[in-house]
Amino acid sequence: MKKTTLLLLFFSLAALLTACGSVGSATGGYADEGYVKVVSKNPELIETTVAVSIDKQSPREAIVLDAKKAVRSEPHFILKPGTHTIQVSDRMGTVLYDSKIFLSAGKTKVIELR
């Protein structure tokens, strides 16, 4: 009887000690930034340089990506999440896109020029 009690106590203690361990923690989520790409299916616009104005600031240049290949390409712009006004113009000053967009954290907004 004494042996059985000692064995039971030993295995209970062993089970308790092995059950106690460090708790792994994981942190994650999206970075506090969103991404913008300028793409087109129009062969006349693909690989042309356009001027992109974000929130009425000075325009920055971007090369229009082929819409079929845009998935694997790097984004043109990295912005804070929220609402932004985007205007895209060609070299002649013709406005090709002018709209407000909402950008979510960690997401890519694709602006398609026609």
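This is a predicted model: local features need pLDDT of at least 70, side-chain atom pairs count only at pLDDT 80 or more; totals for chains, interfaces and linings use all residues.
**Entry 1**
I began with the strand order. The sheet is open and has 4 strands, running S3-S2-S6-S7 with antiparallel pairing. I then looked up the edges: strand S3 (60-63) and strand S7 (95-103) each pair on one side only. From one strand to the next, the twist averages 30°.

**Entry 2: the S2 and S6 pair**
Next I went to strand S2 (residues 49-54) and strand S6 (residues 82-89), which pair in the antiparallel sense over 4 bridges. I found Ile-54 standing opposite Ile-86 in S6.

**Entry 3: Ser-53**
I picked Ser-53 from strand S2. Is Ser-53 buried or exposed? Its relative accessibility is 12%, and buried means under 20%, so I noted Ser-53 as buried. I followed its side chain to the backbone oxygen of Gln-57, at 2.8 Å. Setting aside neighbours within four places in sequence, I listed the contacts of Ser-53 as Pro-59, Thr-85, Ile-86 and Gln-87.

**Entry 4: His-84**
Why does His-84 count as buried? Because its relative accessible area is 9%, against a cut-off of under 20%. Which side chain does His-84 join in a polar contact? I found that of Asp-55, at 2.8 Å. Not counting residues up to four places away in sequence, His-84 touches Ile-54, Asp-55 and Leu-79, and also Ser-99, Lys-100, Ile-101 and Leu-103.

Definitions and conventions. Residues are numbered from 1 along each chain as its sequence is written. Side-chain values use heavy atoms; hydrogens and water are left out. Two strands pair if DSSP finds at least two bridges between them. Helices (H or I, at least four residues) and strands (E, at least two) are DSSP runs, numbered from the N terminus. Axes are lines fitted to C-alpha atoms, for helices over the stretch in contact, and angles run from 0 to 180 degrees between N-to-C directions. Buried means under 20% relative accessible area, exposed over 50%, partly exposed in between (1.4 Å probe, protein chains only). A polar contact is a pair of N or O atoms within 3.5 Å; within protein, one must be able to donate a hydrogen and the other to accept it, and residues adjacent in sequence count only if both atoms are side-chain atoms. Contact means heavy atoms within 4.5 Å.
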